[in-house]
Amino acid sequence: VLWLTLAQDPVPELEDVTLFAGADKVVHYIMFGGLTGAFIFDYVRLRRARMQDACTQKGRRLLKPASLVILGVVMMALAWGDELAQGAMGLGRARDVYDFLADSAGIVTALLIAEPVVNWLLKKTCRHSATAKP
């Protein structure tokens, strides 16, 4: 994420590609939402692995609301710090509050949907491993 947001020309082979207006905002949304979702995925996966019988847990929420708030604040601080760094580095990138808003929207989306999606994916994995056993 930092390479794509801070490097002067992170993907030079795309210079000839014409993108739609606001494509960079979509990329910010996906990057920070994906990063937040990855943290949630790893946390939930590890917590379920430590449980005695993780496959019998039905939709149990493993992340407390306070943990989600803390993760959201940390991720938004990272996003804002990234924007400040873009403005300070002087490499042709500029600080943009709309990039930060796109980052924040991705973060909030991940905070809202990542844990149920991860539980669903892990439940499918449990079903698959149960049918694969002899």
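A nonpolar core here is a set of buried Ala, Val, Leu, Ile, Met, Phe, Trp, Tyr and Cys residues joined through side-chain atoms within 4.5 Å, and buried means under 20% relative accessible area, with exposed over 50% and partly exposed in between (1.4 Å probe, protein chains only). This is a predicted model, so to speak of local features takes pLDDT of at least 70 and side-chain atom pairs count only at pLDDT 80 or more, while totals for chains, interfaces and linings use all residues. Residues are numbered from 1 along each chain as its sequence is written, and side-chain values use heavy atoms, with hydrogens and water left out.

View 1. The secondary structure comes to 4 helices and 0 strands. Both kinds of element are DSSP runs numbered from the N terminus: helices are H or I with at least four residues, strands E with at least two. Of the 134 residues in the chain, 30% are buried. Take the contacts (heavy atoms within 4.5 Å) between residues at least 6 apart in sequence: 71% of them join residues at least 24 apart.

**View 2. The largest nonpolar core, with 17 residues.** Phe-32, Ile-40, Val-44, Ile-107 and Leu-111 are the members with the most contacts inside this core. Two or more residues each come from helix H2 (23–50), H3 and H4. H4 gives the largest share, 6 residues. As background, nonpolar side chains tend to be buried together in soluble globular proteins. Zoom in on Phe-32 and, not counting residues up to four places away in sequence, you'll find it touching Val-1, Met-75, Leu-78, Ala-79, Asp-82, Asp-103, Gly-106 and Ile-107.

**View 3. H2 packing against H3.** The two helices pack at an angle of about 140°, with their axes 11 Å apart. Those axes are lines fitted to C-alpha atoms, for helices over the stretch in contact, and angles run from 0 to 180 degrees between N-to-C directions. The crossing is right-handed; that is the clockwise case, whereas a left-handed crossing has the near helix turned anticlockwise from the far one by less than a right angle. From H2, the contact is made by His-28, Phe-32, Leu-35, Thr-36, Phe-39 and Ile-40. H3 brings Leu-68, Leu-71, Met-75, Leu-78, Ala-79, Asp-82, Glu-83 and Gln-86.

**View 4. Trp-80 and Phe-100, an edge-to-face pair.** Rings of Phe, Tyr and Trp (its six-membered ring) pair if their centres lie within 6.5 Å; planes under 30 degrees apart count as stacked, over 60 as edge-to-face and the rest as tilted. By this rule the count is 1 aromatic pair. Its ring centres are 5.2 Å apart and its planes sit at 75°, so the pair is edge-to-face. Trp-80 belongs to helix H3 (residues 65–89) and Phe-100 to helix H4 (residues 97–132), so the pair ties together parts 20 residues apart in sequence. Trp-80 is partly exposed at 34% relative accessibility, whereas Phe-100 is buried at 18%.

**View 5. Asp-99, a buried residue of helix H4.** Its relative accessibility is 5%. The side chains of Asp-99 and His-28 are joined by a polar contact of 3.4 Å. That term covers a pair of N or O atoms within 3.5 Å; within protein, one must be able to donate a hydrogen and the other to accept it, and residues adjacent in sequence count only if both atoms are side-chain atoms. Leaving out residues up to four places away in sequence, Asp-99 touches Asp-24, Lys-25, His-28, Glu-83 and Gln-86.

**View 6. Tyr-43 of helix H2.** Tyr-43 is partly exposed, with a relative accessible area of 34%. Neighbours within four places in sequence aside, Tyr-43 is in contact with Leu-62 and Leu-63. The C-alpha atoms of Tyr-43 and Leu-63 are 8.4 Å apart, and the two residues are 20 residues apart along the chain.
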